[in-house]
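Please examine the structure below before reading further.

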Amino acid sequence: MRLKQDLSQCPIDCFDLQYAHMMTSPRIEYASQLVDGVGLASEFVAMIPLISRPVYVIADDFTQQDLEKFSTVLNSGFEDKWISNTDVPGSRFRVVTPATTIDIPKICISPGLIRSKPDLQPPGSPALTYLFLVQGKNASERTKAIARSTRNGAAAAMLHEVMNGYSVVFTGAILSSDFSKIFPANPTAGARWKFSKVKDIAGLYNVGLEKDNKGQATSLGVWC
């Protein structure tokens, strides 16, 4: 099922998971609240009444180790396409059919989406692009990378994916000027960037200033 309406204003109801180790979930009225109203270190299950599908929401920091785990996919160069390289170990990624859906998808929301509200950033801050990775039942066998230029656009796209039965397993913010480095016009160029976790927008800029002994940038910052 593919839903075509604007999901940024799509209402969903929340309920408590009823387990002691889970926090009481807030009520999410709109997709934009996935980034505007969710606090860090929170976990809850939300219902999507339009399709009667629950989604497990986790809002917390990703680690540098998490980022390195996803670096191969981020270096694939493909955006908004299901890709895989599992058929031949060590091979380049190739475009494949969509992953198998799951009954209760999860969505992992990082500080890069929660804390990057424009009105909280210093005047003159560089523009950000928000990226996330999507997986299905077989997890890393098939992955899709998606990028959006606004937080509300990212929230709507993430909700769209979970409504269609897929998990958002990684989210983060990058400098918009780095978008073409991660997703070049020719994905077969084989970029091999190192990705560094940062804690704020200043960290993104500082990573971009780092150069190797030839004066070339080798690392890209990800606020996650």
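Predicted model: local features only at pLDDT ≥ 70, side-chain atom pairs only at ≥ 80, totals over all residues.

In soluble globular proteins, nonpolar side chains tend to be buried together. In this model, the largest nonpolar core has 38 residues, and the members that touch the most others are Ile107, Ile109 and Leu128. The element that gives the most to this core is helix 5, which spans residues 151-163 and contributes seven residues. What does isoleucine 109 contact beyond its neighbours within four places in sequence? Its partners there are Leu34, Val57, Ile58, Ala59, Asp60, Ile114 and Thr171.

Helix 5 deserves a description of its own. Its 13 residues reach 18 Å from the first C-alpha to the last, close to the 18 Å expected at 1.5 Å a residue. Is this helix mostly covered or mostly exposed? It is mostly covered, as ten of its 13 residues are buried. Among them are several alanines, namely Ala154, Ala155, Ala156 and Ala157, and the buried residues also include Arg151 and Glu161. At the start of the helix, threonine 150 places a side-chain oxygen within 2.9 Å of the backbone nitrogen of glycine 153. After the helix comes glycine 165, which has a positive phi near 95°.

The backbone angle phi leads to the next topic. Most residues other than glycine have a negative phi, and most peptide bonds are trans. Which residues other than glycine have a positive phi here? Alanine 41 is one of them, with a value of about 60°. It is found in the loop between helix 1 (33-36) and strand 2 (42-48). With a relative accessible area of 49%, alanine 41 is partly exposed. Another is aspartate 80, whose phi is near 65°. Aspartate 80 also belongs to a loop, here between helix 3 (71-74) and strand 4 (82-84). Its relative accessible area is 41%, so aspartate 80 is partly exposed.

How many aromatic pairs does the structure hold? There are four. One of these joins tryptophan 82 to tyrosine 166, with 4.9 Å from centre to centre and 55° between the planes, and the pair is tilted. This pair links distant parts of the chain, as tryptophan 82 is in strand 4 and tyrosine 166 is in the loop between helix 5 and strand 9 (167-175), 84 residues apart. Tryptophan 82 has a relative accessible area of 6% and is therefore buried. Tyrosine 166, at 4%, is buried too.

Phenylalanine 179 counts as partly exposed because its relative accessibility is 30%, whereas phenylalanine 183, at 7%, counts as buried. Lastly, ring pairs link Phe62, Phe70 and Phe170 into a cluster.

Technical notes: Residues numbered from 1 in each chain as written. Heavy atoms only, no water. Core = buried A, V, L, I, M, F, W, Y, C linked by side-chain atoms within 4.5 Å. Buried < 20%, exposed > 50% of the residue type's maximum accessible area, 1.4 Å probe, protein only. Helix = DSSP H or I, 4+ residues; strand = E, 2+ residues; numbered from the N terminus. Contact = heavy atoms within 4.5 Å. Expected span 1.5 Å × (residues − 1). Polar contact = N/O pair within 3.5 Å; in protein donor to acceptor, adjacent residues only side chain to side chain. Phe/Tyr/Trp six-rings, centres within 6.5 Å; stacked < 30°, edge-to-face > 60°.
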